[in-house]
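Please read these notes with the sequence and the model side by side. Each point takes up one part of the structure.

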There are 2 protein chains.
Amino acid sequence: MQTDELASRIRNGERRALARAITLVESGRADHRVQARALLDALTATPGQALRLGLSGTPGVGKSTFIESFGILLTGMGHKVAVLAVDPSSARSGGSILGDKTRMERLSRDPAAFIRPSPSQSALGGVARRTREAVSLCEAAGFDIVLIETVGVGQSETMVAEMTDLFILLMAPAGGDELQGVKRGIMEMADLILVNKADGDLKPAAERTRADYAGALRLLRRRPQDPEGFPKAMCVSALEEAGLERAWDEMQQLALWRREQGHFDTRRAEQARYWFGEEVRRGLLARLERDAAARARMAALGDQVARGDLSVARATSEMLETLGITS
Amino acid sequence: MQTDELASRIRNGERRALARAITLVESGRADHRVQARALLDALTATPGQALRLGLSGTPGVGKSTFIESFGILLTGMGHKVAVLAVDPSSARSGGSILGDKTRMERLSRDPAAFIRPSPSQSALGGVARRTREAVSLCEAAGFDIVLIETVGVGQSETMVAEMTDLFILLMAPAGGDELQGVKRGIMEMADLILVNKADGDLKPAAERTRADYAGALRLLRRRPQDPEGFPKAMCVSALEEAGLERAWDEMQQLALWRREQGHFDTRRAEQARYWFGEEVRRGLLARLERDAAARARMAALGDQVARGDLSVARATSEMLETLGITS
């Protein structure tokens, strides 16, 4: 299919065209990359402005159930919801979150929803690019809410926070002392902490956990991009579909405030600039992998360094000279 | 001073020459860099084989007191001890660990010891290079034990672990539930956990903390580079100079076992290869900073990306083309 035709089908919201385009941006083949760039260029002219939500939570907090219930709430309100996943573990295990769509049976059958599992790519950098580009494609296809799911691992959370407008942390009810297990850096990224499973026997524990997180959030310095009272901790029950509407209200309120204050667009611009820098750095470093002569020279110099025959400083300067760079 | 003369003075163990050479490797000036490389080359021919010890611990665990007592124990045994510091915070605060030599009054006056504070350089990459090169210089000057101190911040600890033979974690006595605050990654790096301040009223708490860490260490998978029983947790009192000799025995035993099993040299070779790769990558990326035309083009494309006029993919491919790289 020609790029123009694919682009126009995506703009018409054709799901198969969207799925195909995402497969294209996921590909590492050089000719696919050229096509992908052309497609993204063609679609840049008609940018969507979806609200991009990052969602993180360790396995067991009920992320799939939450996405199912929350997604259905949103489509029920008339929204079009795309769900993408970033799973750093899938590269190693071959597994993938969201892979088991049966865990989101209702949402995956919902015509207003689009669910795409995490690709099993080796480098986090590759996953980042694919996910960013998939977000653009989903926006061009008319989805007005894009939810990016990730598991609770530091690096992938930072990446998702760098490509979303709001970052939501899903937690399970816990004993008070487990609070310490949450890394400060992740707390600082969160715009909203949702304590899930606030139902049945776990309700009191969920409320205590919520209060603990609320206390911890109050200790953090107020960020310029937050109105009074944010970041916030709330209880939800994905199972009983309780508290989800309130959570959505809070997200909207926060996004609206940031739009009005100019933080929303500023952040998007910063993110785009950041990813541009990352891609250029990746491209520069890729020379070391792609060029067979460079690879061979690197290996030979590395052997000499490992044997102690050559200092790291000297080997580096010889290698950079080989690459045409004088230091 | 000519490189040859400086090299020969360092080999003679002249402290002023060593200090001057470290200042040279710390410098960012291009001509200094050329001299530093020549000096390191000249000294590669006579490599020292010091035992390189990494030491980490958050402020307040008594690191200065420990280094003072431990250093004096070692020089008393006839060793020559160099102490270097890696302080990621010094770049920001302008302060520096080890800066206050009065906290190590006895050791700093010891003729068999050499103490060098952390430089206040901006990039962790720069600090890594300077520290690695300073280690080589100290070895060439005849120091047979090089201790590299760092504060308890993830990234700098990983760096120090990547340039040392043994990694020691200094901890303070704590309540049992504080154990959770120690990052698993740091526990996994440690060869020896020393619980300091096992003196006076804190003695029982120190022993409990030690037992907690010992239990936690047993839960970690045994690493191939460890003999039975390692990594280990022990109590020491730097203040009362108690347990230090036993700790040193354990370090020697571990180093000896690794030497005999071949892990010691393998690890050194791996580390050298790793740093070579890091330096080449740094050198490649430095083009973006150093070349004024590249910087300007990068900024201009970044602006277009930030405004949404250009996709990240397109801007990246244009920038890489500017740099003579076709992706």
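1. Leaving aside neighbours within four places in sequence, R106(A) is in contact with E68(A), I72(A) and E241(A), where contact means heavy atoms within 4.5 Å. R106(A) is found in helix α6 (residues 105–109) of chain A; helices here are DSSP runs of H or I with at least four residues, strands are runs of E with at least two, and both are numbered from the N terminus. At 39% relative accessibility, R106(A) counts as partly exposed. The cut-offs are under 20% relative accessible area for buried, over 50% for exposed, and partly exposed in between, with a 1.4 Å probe and protein chains only. The C-alpha atoms of R106(A) and L18(A) are separated by 20 Å, and the two residues are 88 apart along the chain.

2. A word on the basis of these values. This is a predicted model, in which local features need pLDDT of at least 70 and side-chain atom pairs count only at pLDDT 80 or more, while totals for chains, interfaces and linings use all residues. Residues are numbered from 1 along each chain as its sequence is written, chains are lettered from A and ligands numbered from 1 in the order in which they are written, and side-chain values use heavy atoms, with hydrogens and water left out.

3. Chain A as a whole comes next. Chain A has 14 helices and seven strands. Of its 327 residues, 53% count as buried. Among contacts in chain A between residues at least 6 apart in sequence, 74% join residues at least 24 apart.

4. How many salt bridges does the structure hold over all chains? The count is 50, a salt bridge being a side-chain nitrogen of Lys or Arg within 4 Å of a carboxyl oxygen of Asp or Glu. One of them joins R52(A) and E139(A), whose closest N and O atoms are 2.8 Å apart. This pair links distant parts of the chain, with R52(A) in strand β1 (residues 51–56) of chain A and E139(A) in helix α7 (residues 124–140) of chain A, 87 residues apart. R52(A) is buried at a relative accessible area of 15%, and E139(A) is buried at 7%.

5. Another salt bridge runs between E278(A) and R281(A), with the closest N and O atoms 3.1 Å apart. Because they are three residues apart in helix α12 (residues 263–290) of chain A, E278(A) and R281(A) are separated by about one helical turn. E278(A) is partly exposed at 28% relative accessibility, and R281(A) is partly exposed at 29%.

6. In chain B, the side chains of E279(B) and R129(B) meet in a salt bridge (3.1 Å, N to O). E279(B) lies in helix α12 of chain B and R129(B) in helix α7 (residues 124–140) of chain B, so the pair ties together parts that are 150 residues apart in sequence. Is E279(B) buried or exposed? At 5% relative accessibility, E279(B) counts as buried, whereas R129(B), at 21%, counts as partly exposed.

7. Two packed helices are described by the angle between their axes and the distance between the axes. Helix α14 (residues 312–322) of chain A packs against helix α12 (residues 263–290) of chain B at an angle of about 45°, with the axes 9 Å apart. α14(A) is therefore oblique to α12(B). Axes are lines fitted to C-alpha atoms, for helices over the stretch in contact, and angles run from 0 to 180 degrees between N-to-C directions. Angles under 35 degrees count as roughly parallel, over 145 as roughly antiparallel, 65 to 115 as roughly perpendicular, and the rest as oblique.

8. Which residues make this contact? V312(A), A315(A), T316(A), M319(A) and L320(A) in α14(A) meet residues of α12(B), including W275(B), F276(B) and E279(B).

9. Within chain B, α12(B) and helix α13 (residues 292–307) pack at an angle of about 80°, with their axes 6 Å apart. α12(B) is therefore roughly perpendicular to α13(B). R287(B), L288(B), E289(B) and R290(B) of α12(B) make the contact with A292(B), A294(B), R295(B) and M298(B) of α13(B).

10. Last, M319(B) sits in helix α14 (residues 312–322) of chain B and is buried, at 0% relative accessibility. Not counting residues up to four places away in sequence, M319(B) touches F276(A) and V280(A), and also L288(B), A294(B), R297(B), M298(B) and L301(B).
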